Amino acid sequence: QQSSSSSSSSASSSKIDHLRLVARLKPPGVWPTSWKNTTILELGCGVGLTGLVAASLGAKLTVLTDLDIVVDKVTRPNLELNSSSFRSGQKVLAMPLCWGNQEDEHNCAQPFARAMKSSSKPMGRKRNKKKSTRGDITPHPSTTTDISAKSNVPTHPSPDVVIKPGHPSHFHALLSTLLKFTTSAETVVIFGTRMRMPASHDLLMMIREHFDEVVDPPVEAHEIDGAFHCDNLGKKSMITVHIFKRKC
């Protein structure tokens, strides 16, 4: 009976946390009201879970990025396994992006430049095209583009950016890449971290020099999933999700 009461109390607390989270994400510009026209860039994606969820919600373009060996052996195979989740007309790509590498940054900017160009085209006569039963999951997008010179990352629309922290020695490279892909003030940056070492705070301070938090205080893990509540873990999870926009 005591266990049942404790479980009921935990479920009630989780529901309250979730309702509070929804209310905090409601202000305009914080969370997409529709994912249909959203473009997503995930940095340090690993298996690409976060980006794949965004794609399953309807994002028109999702680019999953990590080191080339991770993309080849982990991200791209997982993308293939989940391809049935995408709708016709969606584009989901897995591309190598080593933070701070200008060539990788240029290559990854191209899908967003094409998306921006296609969205600005005037409506005209439609050509007959063979219908696809799923989204485009082009396996090697960089080979489909003629890249001869570096160009600036498109300024509008910039992708929504999801980032995951790496080793402290990579922080400056990460910030450099992040700044290049967030030239629009409308871009939302979602940064999830676990505050388990001083370096985590260092990276946050670096990001805050260039970005404002649009949800303050940051979202705690238990607001998303009650399993992370301290009542269940016996301690604080120290996992937070920060939502940023570039300083004007």
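User: Which residues of helix α3 are buried?

Analyst: Helices (H or I, at least four residues) and strands (E, at least two) are DSSP runs, numbered from the N terminus. A residue counts as buried under 20% relative accessible area, as exposed over 50%, and as partly exposed in between, with a 1.4 Å probe and protein chains only. In α3, the residues that count as buried are V71, T75, R76 and L79.

User: What kind of model is this?

Analyst: Residues are numbered from 1 along each chain as its sequence is written, and side-chain values use heavy atoms, with hydrogens and water left out. Local features need pLDDT of at least 70, side-chain atom pairs count only at pLDDT 80 or more, and totals for chains, interfaces and linings use all residues, this being a predicted model.

User: At which residue does α3 have a kink?

Analyst: Helix α3 covers residues 68-81, 14 residues, and spans 19 Å from its first C-alpha to its last, close to the expected 20 Å. The expected span is 1.5 Å times one less than the number of residues in the helix. The bend at a residue is the angle between axes fitted to the seven residues ending there and the seven starting there. By this angle, a kink of about 35° lies shortly before the proline P77, at T75.

User: Where is R87, and how far is its C-alpha atom from that of G58?

Analyst: R87 belongs to the loop between α3 and β3. Its relative accessibility is 47%, and therefore R87 counts as partly exposed. R87 and G58 are 29 residues apart along the chain, while their C-alpha atoms are separated by 7.4 Å.

User: Is L21 buried or exposed, and which residues does it contact beyond its neighbours within four places in sequence?

Analyst: L21 is part of helix α1 (residues 2-24). Because its relative accessible area is 8%, L21 is buried. L21 and I224 are 203 residues apart in sequence, yet 7.3 Å apart in space, C-alpha to C-alpha. Neighbours within four places aside, the contacts of L21 are V219, E223 and I224.

User: Which residues does L179 touch, not counting residues up to four places away in sequence?

Analyst: L179 is in helix α5 (residues 171-180) and counts as buried because its relative accessibility is 18%. Its C-alpha lies 9.4 Å from that of I207, 28 residues apart in sequence. With residues up to four places away not counted, L179 touches H210, F211 and R246.

User: How far is R246 from the ring centre of F211?

Analyst: A charge sits over a ring if NZ of Lys or CZ of Arg is within 6 Å of the ring centre and within 35 degrees of the ring normal. R246 lies over the face of F211, and its distance from the ring centre is 5.9 Å.

User: What is the angle between the planes of W31 and W35?

Analyst: Rings of Phe, Tyr and Trp (its six-membered ring) pair if their centres lie within 6.5 Å; planes under 30 degrees apart count as stacked, over 60 as edge-to-face and the rest as tilted. The structure holds 2 aromatic pairs. One of them joins W31 and W35, an edge-to-face pair with 5.9 Å from centre to centre and a plane angle of 80°.

User: Which residue is joined to P217 by a cis peptide bond?

Analyst: P217 sits in the loop between β6 (211-213) and β7 (219-220). The cis peptide bond has an omega of about 5°, and the residue that it joins to P217 is D216.

User: What is the phi of M238?

Analyst: M238 is located in the loop between α8 (230-233) and β8 (239-246). Its relative accessibility is 41%, so M238 counts as partly exposed. Although M238 is not a glycine, its phi is positive, at about 65°.

User: What percentage of the residues of the protein count as buried?

Analyst: The protein has 8 helices and 8 strands. Among contacts between residues at least 6 apart in sequence, 74% join residues at least 24 apart. Of the 248 residues of the protein, the part that counts as buried is 40%.

Conventions:
Contact means heavy atoms within 4.5 Å.
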